[in-house]
Structure formats: C-alpha cells, structure tokens
Amino acid sequence: LQQPARHILFTDISGETFRDQIRNSSSDTQALSVLHRADHFALLIDAEQLSNPSTRQRAITDSRLILRSCIESRMIGTATHVEIVYSRWDCVMGEAAERMARFLASFEDSLREWEAAVATLTFHRVAARPTSGPLPVGYGVEPLLRCWTEVSERDRPPQPHRATPQAADREMMRYLWREEMVTLPLEAL
Amino acid sequence: VNLFISIGLPNTGKTTFLAALWHVLESREVDGALWQRGLQADREYLNKIRDAWIAFEQVPRTETPVGGVTFDLADPVGSAAGRIEFPDLPGESFRSQWTDRHWSEEFDQRVRAATGILLFVAPTLHDSRLIMEADSRLPGSTSADGASTTPPAEVAWKAKHAPTQAQVVELLQFLTNAREPGTPIPLALVVSAWDQAERFAAYDSGADPAPVDWIEARMPLLWQYLRANAECFRWRAYGISAQGGDLDEEDDVTRMQEYAVTSHRIRVVEADGESHDPTRPLRWLLECAGSEM
C-alpha cells in the first residue's frame, strides 16, 4: 500500500497450448505473439507430478523444452524475467521433498545454460491453497507477486543498440551505427 | 549434410534408439555427448516417441514424418559437428525388401547418397539354432536327455521364416549392389536391448561379452560376411540398451525412475568401455565420413 497502484495483465493460456504447440513447433511458438511483450514468463510445474516417480522425468523434460522453444524462437529474451514456479508444493513436504531435492538440483542446473539469454531466472515454491500439511494458504505467493509487480526490464531506460557495420554495408545501412557513435559517451565506444 | 540410414527388421529397436537419442541431443544431460544446436521447426514426432520412452512405455511403432528427421549436431564445446538426416523407416519395409525383393525409388536414392549406416539387430528376435542342433528337431529323434521329441506341426515355408542372419546379410547385399563399388561405407552395428543380450550371454558362458564378440558367437554369418567384405563395409559394433532395462520387470522400472538424470538409464557398450551416450555411433560415423576412407 506504500507503492503506487500497478496494473498487471495476466494471460491464461491453456496447458494444452504449451504441451501440444509450443513444445512441438517453433512456428506455433512464434505465433503466440503475447510472449514477446511479456515482462515475466512464469513456467508452472506441478510439484505433485515431480513427486511421482512415473511422471517426474516427463514433467522436467517438457518444462525445459518449452522454455528452450520460447528462447530459441526469440519470443522471450533479455527483457523477460523467467520464474520457474513449483506449484502445489504442499504435495511434496517432508520426506518427499528430501527425495526430490536431487532431481530438482539436476533440473535447475540444466536450466542455467539459458540464464544469460533471459533477464533473470529464478525458482519459486508455491502452495496457493494447501490441502494438507503445515504450509499456510498462499505460501510463496507474496514474493512471487512482489517480483511480478516490482521488476520489469522495460521500466529501465532503453539500452542503445550497438549495430556493428559489415564491410559490405552500403552507406545507408550504416546510418544507425553513425547515430549511435554520436550519442554514446566516449568511454562506451 | 550427412545422410545416415537406419536399417533393421521389425522390433529391432530403431525407434526406441531414436527416442533416447533425441532426449540426449536435446537435453544435453550427458557429458561429452553431441547435442542438438537448434531445435527443429517441427518436433512433434520426436516428442511423441520420447514421451513414451520417458514414461517407461513401449515406444510406438514408426509413423515417421516424410523425409525423416534431421539433427544439427554440435560437439561438446559447441563447434559444428555435422548435420544428419535420419529416416526412421518401419522394420516392415526392410522385411518386405527381403520377402518381395523390392524397395522404393526414394529409398534407392537414399542408399546411394548415404554416408553411414546404422544396422540394428535384436537379441530377442535372433533365432540362434545351429546346423548341429537340427538333428534333434527331426521327427523320431531323441533329445539330449534321451526323451523322444514330438515332431513340430508342419508349417508352410515362407520367405519371412528364413533365419534372421540370412535376412540381414541379404539386406546388406542389396545395399552393396546399389552403391558405387570401391568405397567402403561406415556401418555402426547396434545390438539393441543389450541388457538382454548380456543376460543370454551370461546364461551361455557366464561372462559379459563385448558386442563384437556377441556378434561373432550369436550371429556368425553376419560377422563372417562383414569381415569378408571389408571393401564394402568399415564397421564397428555397439551394444545399446536405449530403454535401460526390461519394462515388464517392476524392479528395472523402479531403478530407472530413481535416476536424477534421465539419460543415465541408457547403456552404450563398446569394446573399450561403457557410457550413457547414444551419440557415440553417430560420432564415429561422422568421423568416418569426414576422413579418407
């Protein structure tokens, strides 16, 4: 309440779209143009699936492939904050969480290769409406919401585009580069 | 572009291998393995077969997209290793080459252009009866324990009943007839379901064989053919368990589900060691394709 009101636009895209289209096709990924404008890309993974030995490997593999497809199709990039959200975390409390720890460590390590391709890559454990266990209602939601409302690359001043002229470029093609040379401070050149 | 064709009779594990290969190429889970540099535009088929593989289910029979699948490979440090096309044809098409002595125009072009071959044989399909054992199967003969054998019901012979080795060798002869003579083509011979091959071998001799020794002992005609035709084939044997175990065995499945790294269920055995890397045969084929033969 100490901050000015912020508007947040959430998309609610079906899981089938990600499973059947984004995962399988680069052109379908590029057709989902809203991704391009997203400040935040939250990839939800059902923790209950992670806790089940027969489904966990697919849950991890599909999530990784969806993220890779979005990055390689240039639909998300260095202006997008990526949050990996383990939902229904109440399903894996206690012993199950300990057993799952090494799977998650391996999974999170495998995502690090794309860390430089996005603005930030963070991991969150959430239980919005726990059905059992000690977690309170809305566990992990507040930090996630704070992240969504307070961090945006687009709130920062735009970075100058540094086009490097190619030897074969015509003079007209070098226009942008010459403009930058003029506007950039000397030490940046 | 290197064109590798995979050859094998039905149920020899070609598609299961492809599913495991796709997982390793895409996930980069295996240290030192080749990897896929950029995702293919259309990944539906590859993901479909991987979905089954990763869920510990039998990989569905092949409904390959036209033109097969293409991989743009990089070596572990990220340098381009090669681009390969991999037509995943159903085993029935190879069986019909033997029974009908016919292949398609498209396959003919692929054979002529191929820079490497992956030949799959499966220990579970292999009929290992030897000539010396034939007597005991004749009506009225006695088995080793002295009991009379019951004559088997008479079955009309069909070409598909021919011994596995004879069919496989004939498929290779078809290839050599179609290709320009003089340049041997590299051939990675994959004994699939290697875990089962080892079980059979252990039952026979109590030892874990190298894949090439298994070929020599269990498929001697194929082994002799390849050795006698060095001017046609430069070959290397691999034992690959793409599933990593027997899906009908609960213990095997439970063991595989516990791997933190999915690819670690894959076993690739060569004469000089073992790994989880199904790109090893591809790497060797690429090396051969890039070297003077």
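Buried area is the accessible area, taken with a 1.4 Å probe, that two parts lose on being put together, summed over both. In this predicted model, chain A and chain B bury about 2100 Å² between them, and 38% of that area lies on carbon and sulfur atoms.

**Where the chains meet**

- Chain A brings 22 residues to the contact, and chain B brings 27 residues.
- A:N24, A:Q57 and A:R68 supply 30% of the area that chain A buries against chain B, which is more than any other three residues.
- There are six salt bridges between chain A and chain B.
- In a salt bridge, the side chain of A:R23 meets that of B:D51 at 2.8 Å, N to O.

**The side of chain A that touches chain B**

- The elements of chain A that give two or more residues to this side are α2 (26–31), α5 and α6 (95–111).
- The largest share, 10 residues, comes from α5(A).
- By type, this side has four nonpolar, nine polar and nine charged residues.

**The largest pocket**

- The volume of the largest pocket is about 1600 Å³.
- The pocket is lined by 48 residues, and the closest to its centre are A:T11, A:F41, A:A42, A:L43 and A:L44.
- Elements of chain A that give two or more residues to the lining include α1 (15–22), α5 (56–72) and β2 (81–87).
- The largest share of the lining, seven residues, comes from β1(A).
- The lining residues divide into 23 nonpolar, 12 polar and 13 charged.

Methods:
Residues are numbered from 1 along each chain as its sequence is written. Chains are lettered from A and ligands numbered from 1 in the order in which they are written. This is a predicted model: local features need pLDDT of at least 70, side-chain atom pairs count only at pLDDT 80 or more; totals for chains, interfaces and linings use all residues. Side-chain values use heavy atoms; hydrogens and water are left out. On a 1 Å grid over the protein atoms alone, a cavity is a set of points where a 1.4 Å probe fits but cannot get out, and a pocket is an open set with protein on both sides within 12 Å along at least five of seven lines; lining residues have an atom within 4 Å of a point. Grid points are joined across faces, edges and corners, and a volume is the space filled by probe spheres set on the points. Helices (H or I, at least four residues) and strands (E, at least two) are DSSP runs, numbered from the N terminus. Ala, Val, Leu, Ile, Met, Phe, Trp, Tyr, Cys and Pro count as nonpolar, Asp, Glu, Lys and Arg as charged, and the others, Gly among them, as polar. Contact means heavy atoms within 4.5 Å. A salt bridge is a side-chain nitrogen of Lys or Arg within 4 Å of a carboxyl oxygen of Asp or Glu.
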